[in-house]
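We will take it one selection at a time.

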Amino acid sequence: MSFQKVCKVQDIPEDGPLGVEVGDTPVALVRTEGEIHALHDVCSHAEVRLSEGDVYDGTLECWLHGSCFDVRTGKPTGPPATRPVPVYRVKIDGDDVYVSLSKES
Ligand code: FES
């Protein structure tokens, strides 16, 4: 799938997530350490929105049970989640943020 425009860079709070929809797919955007990352916006543990959690140390923390997911890989860094969440490709063009739902290679 091609890249789709989802928001402006400034719409994403520094060190805070922003939830968007790409088609029917929920995506959590994270701006941290000068980079923007996109993760599937559903926790792999119990299907709540990760974009309602907090960002720190390069991870997005699930608000419900506290698992943290590496924003680059989607892998959980601690329990109770054991499965990664998908990550998506991000492209910046000027102030515009684009996300592609196709798998990263
Ligand atoms: S729902 Fe996310 S860690 Fe349990």
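Predicted model: local features only at pLDDT ≥ 70, side-chain atom pairs only at ≥ 80, totals over all residues.

pLDDT is the predictor's confidence in each residue, on a scale from 0 to 100. The mean pLDDT of the protein chain is 95, and 96% of its residues reach 70 or more. Among the elements of the chain, confidence is lowest in β5, with a mean of 94, and highest in strand β7 (residues 68-70), at 98.

Now select residues 35-40, which make up strand β4. Is this strand enclosed or open? Since buried means under 20% relative accessible area, look at how many residues fall below that cut-off: 5 of the 6 in β4 are buried, so the strand is largely enclosed by the rest of the structure.

Next, bring in strand β8 (residues 87-93). Here 2 bridges join β8 to β4, and the two strands run antiparallel. Stay on Leu-39, which stands opposite Val-87 in β8.

For the last stop, go to Ser-44, in the loop between β4 and β5 (54-56). Which residues does Ser-44 touch? Leaving aside residues up to four places away in sequence, Ser-44 touches Phe-69, Ala-81, Arg-83, Pro-84 and Val-85. With a relative accessible area of 12%, Ser-44 is buried.

Definitions and conventions: Residues numbered from 1 in each chain as written. Heavy atoms only, no water. Buried < 20%, exposed > 50% of the residue type's maximum accessible area, 1.4 Å probe, protein only. Helix = DSSP H or I, 4+ residues; strand = E, 2+ residues; numbered from the N terminus. Pairing = 2+ DSSP bridges. Contact = heavy atoms within 4.5 Å.
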